[in-house]
Amino acid sequence: MPKIEEHHLCPSRPGTPKAPGYPETDTWRVLPNGDRTCSFCGSLHPDDWLRLMGEAKDPESRTLIDKSNKGYKFYVHQAGVQNALEGGIKFYNWHIPSADWAAQANAMHQEVMVASRKKLEARMARPDGKGAP
Ligand SMILES: [Zn+2]
């Protein structure tokens, strides 16, 4: 069971029907690899997302970020994380905490997407499709 820390209210709550008995507040679950995810929507914590964006820019890192077909959702692929029980796998933009945070993310965005595309293409080029970038 992941460790629980720090309460918040997920910004996606107002648009989501609440299941009976659902907790009144949300938490940042700490997963086995140390990533924090929202107990309501599963999004990575914004600080962890910025760290992963920084890793994704690095051509030597295996971390890569991928757009989903939803404008508000991004996926991250990182070494040692096969599923959402092991580490963070996605970020929802309703967890953007501030204009300053958004400016930092926007400043890295282009470089992150270019580096991530190259890593994805390198993986696809391998016969097993699983190659390290
Ligand atoms: Zn959330």
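Tutor: Helices (H or I, at least four residues) and strands (E, at least two) are DSSP runs, numbered from the N terminus. Here, the crossing of α1 and α2 is left-handed. Two bits of housekeeping: residues are numbered from 1 along each chain as its sequence is written. This is a predicted model, where local features need pLDDT of at least 70, side-chain atom pairs count only at pLDDT 80 or more, and totals for chains, interfaces and linings use all residues.

Student: At what angle do helices α1 and α2 pack, and how far apart are their axes?

Tutor: Axes are lines fitted to C-alpha atoms, for helices over the stretch in contact, and angles run from 0 to 180 degrees between N-to-C directions. Helix α1 (residues 46-57) meets α2 (residues 99-125) at about 35°, with the axes 8 Å apart.

Student: Which residues make that contact?

Tutor: Two residues are in contact if their C-beta atoms, placed from the backbone, lie within 7 Å. From α1 you get P46, L50, M53, G54, A56 and K57, and α2 brings W101, Q104, A105, M108, E111, V112, A115 and S116.

Student: Which residues of α1 are buried?

Tutor: Buried means 20 or more other C-beta atoms within 10 Å of a residue's own, exposed means 12 or fewer, and partly exposed is in between; those C-beta atoms are placed from the backbone. In α1, the buried ones are D48, W49, L52, M53 and A56.

Student: Why do they line one face of the helix?

Tutor: An α-helix has 3.6 residues a turn, so residues three or four places apart point the same way. Looking down α1, its buried residues fall within an arc of 145° (taken from the directions from the helix axis to the C-beta atoms), so they line one face. Their cover includes β3 (36-38), β4 (64-67), β5 (73-77), β6 (90-92) and α2.

Student: What about V76, buried or exposed?

Tutor: V76 is in strand β5, and it counts as buried because it has 24 C-beta neighbours inside 10 Å. Leaving aside neighbours within four places in sequence, V76 contacts L52, T63, I65, G88, I89 and K90.

Student: What does F91 contact?

Tutor: F91 lies in strand β6 and has 29 C-beta neighbours inside 10 Å, so it is buried too. Beyond four places in sequence, F91 is in contact with S43, L44, W49 and F74.

Technical notes: Left-handed = near helix turned anticlockwise from the far one by under 90°.
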